[in-house]
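Subject: Structure handover

Hello,

Here is the structure for you to take over. My notes on it follow below.

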Amino acid sequence: MSTDNKKKQAAVGLILGLVGGAVILAIAAAAYFFIWPKFKGGEQKETEQVAETASEASEKEETEAESMTAEEYVDSIKYLKDGSWVGYLEKSGKEEWEMSYRIDGLQDVDCYLAAFPYDFDGDGVEEVLLVDRDENRQLKLAMMTFPDGKPTEAGTFFTGLTISDCLSNGDACDVQDVYLFTDGEGKTRIGLETSGCEGFRADGTRIGFEALSFEDGKFVSLGTASYEGSDGENTGVTDKIEELIGVPVNWTELFTRRHRVYDYVADYRDIFSVITDCTIKTDGDREEYWAWSESGQEPFEISNIHAGPQGAKEQIKASDYDFGGAYIDYIKEAEKGDEYGKPDGYDIFYVSFDAAPLLYVRGNSTAAGDRLVSFKDGKLTELYCYNYGVSYDPVGGVFADRGGHMDEYYDDIYTLEDGAFKKIASGTYGAEDNANVQFDEAGEPIYQYFWEEKPVTKEEYEAALQKVYNTEMACEPTVQSADDVIEVIEQYYR
């Protein structure tokens, strides 16, 4: 090919290449300026819609997760159904005044002590009352409300009730209660009560009561009443309590621990209660304690703490409130007896707060014996007991018939079941031949012991008895005249 032809072909190729490049550039430009923006805009819009839908779904899921009723909220949280712990002495320093005592186990509970759903403010919607405690073991109330189905804390209240360690005040036992009741005007109230039994170290009694309402989204204290002392003087305590609960209260009953404030209120419903029992420790622990201190004071331990609620206590049936009239008729009939058959006196006391109290009848001789009378569904039931042998444990809800003579003795332990006396344990002990009693080297009679009809040692017998009946906490009936007991029944129990 000639040189001229080659130059012509090269020129044509260059021109075609330039034209083709221009076309490609034009197509690219058109795609960039006209097609891509539409495609890009459409894809961006779709992406935004997907993101928005996902966000709405997440919010909806979150809303559904938070929306719940009071009952559903209670089911979703951790709270204490019941519990029992043992406490013990713990020395924190060398000097006596530096010693401290703690409850072992309770501080490790990582949940609420109680959760109680109820319409506290009467607006037709249930709230949930939570019972908790702070670092000082003081009980704290918190009320959860549910606006739009979302759990919201509406308010808190520190009760002033501290789960006691016994040794700080030397009491035989402490009882702290949070409960629901109806006052004299028919309004729902929250009751707070603390009670100290007769002290081991000091002759004293502690009573504290406070009534609360929950209204306008907050707790309101309606008033308090308290007593702490040993003189037994009622310095306006019962007047304050009567004003708050709406019914008269017997000061002697409260001071002697035979009844609590909640015995007098209507529609009692247990929200939370803790009972701290203190018992003497073993000889080894006693010696160790004395090595710490020269005070000579006895060491104690916390034997049990019962936390709840263990189920709301059942209210006494309306028909069972008729026990007052039935007991009065029983006493009047017994008083018709001659000088040998007429009782020495009477008493009335509770062994179970979800049943009518018992009537105690003190016989005038060992042969006559004593009697306990129960009331249920309009019927009276009698239990014959040994003379002077009746006692009861108001905390444990049990009572005992303990008696015998001439080196033959027994312990029968009972509880109330649907108004009937139910024996739950029994033991006997005495000389093998009470006509020929043998004695040991210390001059003590040699007895044989049987628990539930099986032979045991004296130590085993006493341990078995204490397991079902706390003799240290037991109370004996207070014998009163027929007129006095009838007056008490007519004033407080009819």
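Two strands pair if DSSP finds at least two bridges between them. Keep that in mind for the strand pairs below. One caution before them: this is a predicted model.

**Overall**

The protein has 494 residues, and 43% of them count as buried. Its secondary structure comes to eight helices and 22 strands. The accessible surface is about 26,800 Å². Carbon and sulfur atoms account for 49% of that surface. I also looked at contacts between residues at least 6 apart in sequence. Of these, 53% join residues at least 24 apart.

**Confidence**

The average pLDDT is 75, and 65% of the residues score at least 70. Two stretches need care. Over residues 57-64, pLDDT stays under 50. The model gives residues 57-64 zero contacts beyond four places in sequence. Residues 198-202 also stay under 50 in pLDDT. For residues 198-202, however, the model has 20 contacts beyond four places in sequence.

Strand 9 covers residues 205-215. Ten of its eleven residues are buried, so strand 9 is largely enclosed by the rest of the structure. The cut-off for buried is under 20% relative accessible area.

Strand 9 has a partner in strand 8, residues 188-196. The two run antiparallel and share seven bridges. Here glycine 196 has arginine 206 of strand 9 as its bridge partner.

Strand 9 also pairs with strand 10, residues 218-229. This pairing is antiparallel too, over eleven bridges. Glutamate 210 is bridged to threonine 224 in strand 10. Strands 9 and 10 form a hairpin with two residues between the strands. In that hairpin, aspartate 216 takes a positive phi near 55°.

**Strands 15 and 16**

There is a second hairpin to look at. Strand 15 (residues 370-376) and strand 16 (residues 379-385) pair in the antiparallel sense, with seven bridges. Serine 374 stands opposite threonine 381 of strand 16. This hairpin has two residues between its strands, and aspartate 377 has a positive phi near 50°.

**Aromatic residues**

How many aromatic pairs does a search of the whole structure find? The search returns 26. One of them joins tyrosine 327 and phenylalanine 375. Their ring centres are 6.5 Å apart and their planes stand at 80°, so the pair is edge-to-face. Planes over 60 degrees apart count as edge-to-face. Tyrosine 327 sits in helix 6 (residues 323-334) and phenylalanine 375 in strand 15, so the pair ties together parts 48 residues apart in sequence. Tyrosine 327 and phenylalanine 375 are both buried.

There is also an aromatic cluster. Tyr409, Tyr429, Tyr447, Tyr449, Trp451 and Tyr461 make it up.

**Cysteines**

The structure holds zero disulfides.

Best wishes

Key: Residues are numbered from 1 along each chain as its sequence is written. This is a predicted model: local features need pLDDT of at least 70, side-chain atom pairs count only at pLDDT 80 or more; totals for chains, interfaces and linings use all residues. Side-chain values use heavy atoms; hydrogens and water are left out. Buried means under 20% relative accessible area, exposed over 50%, partly exposed in between (1.4 Å probe, protein chains only). Helices (H or I, at least four residues) and strands (E, at least two) are DSSP runs, numbered from the N terminus. Contact means heavy atoms within 4.5 Å. Accessible areas come from the Shrake-Rupley method with a 1.4 Å probe; for residues, only the protein chains shown count as cover. A disulfide is a pair of cysteine sulfur atoms within 2.5 Å. pLDDT is the predictor's confidence in each residue, from 0 to 100. Rings of Phe, Tyr and Trp (its six-membered ring) pair if their centres lie within 6.5 Å; planes under 30 degrees apart count as stacked, over 60 as edge-to-face and the rest as tilted.
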